[in-house]
Amino acid sequence: MSKTQAKTVNPAKGKDFAQTGKFVRENQKSLLFIAAAIVAIIAIYFAYQKIYIAPREIAAADQMHVAQDAWEKKDWDKAIKGDGSYPGFEKIIADYGNTKSANLAYYYLGTAYLNTGEYRKAIDNFTNYRGNDMMVAAEALGGAGDAYVELKDYDKASTYFQKAADKAKNKFLTPFYLKKLGLVYEAKNDSKSAADAYKQIKTDYPESAEAQSIDAYIARAEAKL
């Protein structure tokens, strides 16, 4: 390739570069303002996390341990309302919104309400949980399914048990919720879907506790087809 050839520039590309340069020159102030705004937003976000959220996370975790102890002891009223000296999960959520502790409190509170028969409140709290823990997330979805069963809303119960089984993706919770799904389908007189849920346990999770007696459930569902 000659020197003349090496220096040849595509006219179209040269025009594009010129237009880009013109755009930058004409909009320099606007571009600088946008860049400064982005930097400011990032700085504000990190300051918010460090100055506001971090201390609240520590305070929420410190306040929550009594409610957790009550929850583990199945003292549901104390877990919900607290004991006078320390708040229950209701107040943790109200006082420390946007913290990880408050988010986890939704799961705890949903379980407490489920066990005290306040099924609508249980559903509201279970479905407000937004954590990254796959096990807790699956149990929250399953808890909502249990509450819908108690309300005899089997359509929504089946939806939440399916979500719980899909979310869990493990050999412990998935077959557990698939079995509940099958039972709900039986309650809906949908024997085929029930048999399919039971068969999935047998096929995909043969070593699970649920699989050990699943043949009887499959036979029962297929007998109704």
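Reply: In this predicted model, the axes of helix α8 and helix α9 (residues 154-168) come within 8 Å and cross at roughly 165 degrees. An angle over 145 degrees counts as roughly antiparallel, so α8 is roughly antiparallel to α9. The crossing of α8 and α9 is left-handed. On the α8 side the contact is formed by M134, A137, A138, L141, G142, A144, G145, D146, Y148 and V149. Their partners in α9 are Y154, K156, A157, Y160, F161, K163, A164, K167 and A168. By class, the residues of this contact of α8 with α9 are 13 nonpolar, two polar and four charged.

Helix α8 (residues 134-150) also packs against helix α6 (residues 100-115), at an angle of about 30 degrees and with the axes 10 Å apart. Angles under 35 degrees count as roughly parallel, and α6 and α8 are therefore roughly parallel to each other. The crossing of α6 and α8 is left-handed. Here α6 contributes L104, Y107 and L114, while α8 contributes V136, E139, A140, G143, D146 and A147. Six residues of the contact of α6 with α8 are nonpolar, one is polar and two are charged.

The largest nonpolar core has 53 residues, and its largest share, eight residues, comes from α8. The residues with the most contacts inside this core are W71, F89, Y107 and F126. Of these, Y107 belongs to the α6 side of the contact with α8. W71 touches Y107 and F89, and also W76, A79, Y108, T111 and A112, leaving aside residues up to four places away in sequence.

Notes
Residues are numbered from 1 along each chain as its sequence is written. This is a predicted model: local features need pLDDT of at least 70, side-chain atom pairs count only at pLDDT 80 or more; totals for chains, interfaces and linings use all residues. Side-chain values use heavy atoms; hydrogens and water are left out. Axes are lines fitted to C-alpha atoms, for helices over the stretch in contact, and angles run from 0 to 180 degrees between N-to-C directions. Helices (H or I, at least four residues) and strands (E, at least two) are DSSP runs, numbered from the N terminus. Angles under 35 degrees count as roughly parallel, over 145 as roughly antiparallel, 65 to 115 as roughly perpendicular and the rest as oblique. A crossing is left-handed if the near helix is turned anticlockwise from the far one by less than a right angle, and right-handed if clockwise. Contact means heavy atoms within 4.5 Å. Ala, Val, Leu, Ile, Met, Phe, Trp, Tyr, Cys and Pro count as nonpolar, Asp, Glu, Lys and Arg as charged, and the others, Gly among them, as polar. A nonpolar core is a set of buried Ala, Val, Leu, Ile, Met, Phe, Trp, Tyr and Cys residues joined through side-chain atoms within 4.5 Å. Buried means under 20% relative accessible area, exposed over 50%, partly exposed in between (1.4 Å probe, protein chains only).
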